[in-house]
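Here is a short briefing on selected local features. Keep the sequence and the 3D view open while you read.

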Amino acid sequence: MSIERELNKRSGGKCELSGVTEDLKVYQILPTRKGGLDESVLISATLIEQIENPEKMDSNLWRCLNESMWSEHLPVQVLSWRMLSRLRNQELLDQMYLDEDDLAWAQATGEGEEDENKIIHRDSNGVILEHGDSVVLIKDLKVKGSSMVAKQGTAVRNIRLDHENAEYIEGKVDGQQIVIITQYVKKI
């Protein structure tokens, strides 16, 4: 059975955060641990746009977090925690409880950290890189531990960020997952 169908069944065909019924999409909570239903939520496209573009956030749309933070489903709780952190709503955050592993997952994207403590990944031109972005290699790179050379101009899609080091991203080149130093890529 598809994840979307399972999420529709779990949520009753409503956004798991706001309760709206139109324009619903599957949103995967990153970084993934196992993938699938236990790391996905069904939410409105409007909320997804707000999550992915923090500068466009309208705090009035997020009043729904007062209720969604109490969801019995962990991905909904984690997403609620992240958005409450982004909104700096300490009062509601103090009411939430996540066990140690789940809190670490919620904090993995850097939400809730002070800006000076956040790890920011930048390409060779200083453009901020986000999880899922596409980049192009600006130099031939020899891949350590193999005879492979990743050629200049190779597009790397759906990158993953290293949450401990701002210099490293991960991506697939010629079907092989490799670590790439950010100074050798340019965002597409």
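Two residues are in contact when heavy atoms of theirs lie within 4.5 Å. By that contact criterion, the buried residues of helix H6 pack against helix H4 (74–86). The model is predicted.

**Helix H6**

- Helix H6 spans residues 100–107, and Asp102, Trp105 and Ala106 are buried in it.
- Which helix do the buried residues of H6 pack against? Their partner is H4, residues 74–86.
- The start of H6 has a side-chain to backbone approach: a side-chain oxygen of Asp99 comes to within 3.2 Å of the backbone nitrogen of Asp101.

**The second largest pocket**

- The volume of the second largest pocket is about 310 Å³.
- Its lining includes Leu141, Lys142, Val143 and Lys144.
- Strand E4 (141–142) and strand E9 (176–181) each provide at least two lining residues.
- Which strand gives the most to this lining? E9 does, with 4 residues.
- By class, the lining holds 8 nonpolar residues, 2 charged residues and no polar ones.

**Glu170 in strand E8**

- Glu170 belongs to strand E8, which runs over residues 168–173.
- Is Glu170 buried or partly exposed? Its relative accessible area is 32%, so it counts as partly exposed; the buried class would need under 20%.
- Beyond its neighbours within four places in sequence, Glu170 is in contact with Ile159, Arg160, Gln177, Ile178 and Val179.
- Glu170 and Arg88 are 82 residues apart along the chain, and their C-alpha atoms are separated by 30 Å.

**Gln28 in strand E1**

- Gln28 sits in strand E1.
- Gln28 has a relative accessible area of 34%, so it is partly exposed.
- Its contacts, leaving aside neighbours within four places in sequence, are Gly35, Gly36, Glu39 and Ser40.
- Gln28 and Val41 are 13 residues apart in sequence, with a C-alpha to C-alpha distance of 6.5 Å.

**Backbone features in loops**

- The peptide bond from Leu30 to Pro31 is cis, with omega near -10°.
- Where does Pro31 lie? Pro31 is in the loop between strand E1 (24–28) and strand E2 (40–44).
- Asp23 is not a glycine, yet its phi is positive, at about 55°. Asp23 lies in the loop between helix H1 (3–11) and E1.
- Asn158 also is not a glycine and has a positive phi of about 55°. Asn158 is found in the loop between strand E6 (155–156) and strand E7 (160–161).

Key:
Residues are numbered from 1 along each chain as its sequence is written. This is a predicted model: local features need pLDDT of at least 70, side-chain atom pairs count only at pLDDT 80 or more; totals for chains, interfaces and linings use all residues. Side-chain values use heavy atoms; hydrogens and water are left out. Buried means under 20% relative accessible area, exposed over 50%, partly exposed in between (1.4 Å probe, protein chains only). On a 1 Å grid over the protein atoms alone, a cavity is a set of points where a 1.4 Å probe fits but cannot get out, and a pocket is an open set with protein on both sides within 12 Å along at least five of seven lines; lining residues have an atom within 4 Å of a point. Grid points are joined across faces, edges and corners, and a volume is the space filled by probe spheres set on the points. Ala, Val, Leu, Ile, Met, Phe, Trp, Tyr, Cys and Pro count as nonpolar, Asp, Glu, Lys and Arg as charged, and the others, Gly among them, as polar. A polar contact is a pair of N or O atoms within 3.5 Å; within protein, one must be able to donate a hydrogen and the other to accept it, and residues adjacent in sequence count only if both atoms are side-chain atoms.
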